[in-house]
Amino acid sequence: HPRVRRQRQMCIRDSSYDWLKKRDMSFTTSFSAAYNKNEIKKVDYEPTDALDMMREPTSNYKMGDTYNSLYAYRYAGLTATGDPSVYDENGNVISIEQVRNVNAVVCVGQLTPKWNGALQLDFRWKGLNVFAKVVYYTGHALRDDVVTLYDPYNAIEGGAIHEDISRRWTPEHTDTDIPAMGLHTNCLLYTSPSPRDRSLSR
């Protein structure tokens with residue numbers, strides 16, 4: 001387990017304001033916010049496999065990173081034959097072969113939101129109470145889904161093929177970022193273009 005520097009949180013809890021407060025009617029807003037920041041100061045176990053760092057970041061991490069970091073290969077684009085490629089730990093472009101050295105991956109974000117909070121509106125009129133609440137999370141990232149265009153080990157379920165198959169690399173269509181058909185495109189899931197900001201409010 002990592003020794004993590006104490007989390008610093010700036011919190012505003014139940015900060016509310018009464019815009020209207022009468023016997024039969026009232027309107028109140030409430031706002032809360034929390035900020036989360038941490039850093040791994042010491043590790044007792046050094047990861048030995050890049051895939052473990054990307055698949056299980058809560059158990060495989062590097063000193064100085066944020067706990068629950070998102071790791072990824074540095075994407076090198078498609079090769080001249082349409083194969084996806086990444087950079088290894090020495091900066092060499094590698095395609096098809098697995099890259100397992102932990103120095104080949106970089107931290108591209110964190111899975112835990114840095115900011116989260118909520119805004120609530122409360123309206124009361126006589127015996128009627130109405131409220132609305134908006135929550136938000138921001139400052140974190142998740143991996144984009146990468147659709148497998150073709151899997152040689154399994155039949156395509158139900159005959160469904162993703163529409164991106166029409167944009168795949170072919171000798172006649174090289175201006176694309178979709179690999180040639182017949183590859184395990186899931187390898188793109190662990191490359192640096194895959195993580196996306198996942199801020200949301202609802």
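1. **Overall make-up.** Helices (H or I, at least four residues) and strands (E, at least two) are DSSP runs, numbered from the N terminus. This is a predicted model, in which local features need pLDDT of at least 70, side-chain atom pairs count only at pLDDT 80 or more, and totals for chains, interfaces and linings use all residues. Residues are numbered from 1 along each chain as its sequence is written, and side-chain values use heavy atoms, with hydrogens and water left out.

2. **Burial and surface.** Of the 202 residues in the chain, 30% are buried. Buried means under 20% relative accessible area, exposed means over 50%, and partly exposed lies in between (1.4 Å probe, protein chains only). The accessible surface of the chain comes to about 13100 Å². Carbon and sulfur atoms account for 50% of that surface. Areas come from the Shrake-Rupley method with a 1.4 Å probe; for residues, only the protein chains shown count as cover.

3. **Contacts along the chain.** Take the contacts between residues at least 6 apart in sequence: 61% of them join residues at least 24 apart. Contact means heavy atoms within 4.5 Å.

4. S6 and S7 (residues 84–87) are joined by three bridges. Two strands pair if DSSP finds at least two bridges between them. Tyr75 has Val86 in S7 as its bridge partner.

5. **Salt bridges.** The whole structure holds two salt bridges. The criterion is a side-chain nitrogen of Lys or Arg within 4 Å of a carboxyl oxygen of Asp or Glu. One joins Asp49 to Arg100, with the closest N and O atoms 2.6 Å apart. Asp49 sits in the loop between S4 (40–42) and H1, and Arg100 in the loop between S8 and S9 (105–110), so the pair ties together parts 51 residues apart in sequence. Asp49 is buried at 12% relative accessibility, while Arg100 is partly exposed at 36%.

6. **The other pair.** Arg167 bridges to Asp177, with closest N and O atoms 3.4 Å apart. Arg167 and Asp177 are in the loop between S12 (141–143) and S13 (195–197), 10 residues apart. Arg167 is partly exposed at 38%, and Asp177 is partly exposed at 48%.

7. **A nonpolar surface patch.** Phe31, Leu119, Leu121 and Val134 form this patch, with about 290 Å² of accessible area together. Patches take residues with over 30% relative accessible area and no salt bridge; like charges are joined within 9 Å, nonpolar side chains (Val, Leu, Ile, Met, Phe, Trp, Tyr) within 5 Å. Val134 belongs to strand S11 (residues 128–138). Its relative accessible area is 40%, which is partly exposed.

8. **Two single residues.** Ser26, in strand S3 (residues 25–35), is buried at 13%. Beyond neighbours within four places in sequence, Ser26 contacts Leu20, Lys21, Asp122, Phe123 and Arg124. Tyr67 is in the loop between H1 (50–55) and S5 (69–73). Tyr67 lies 9.3 Å from Lys37, C-alpha to C-alpha, at 30 residues apart in sequence.
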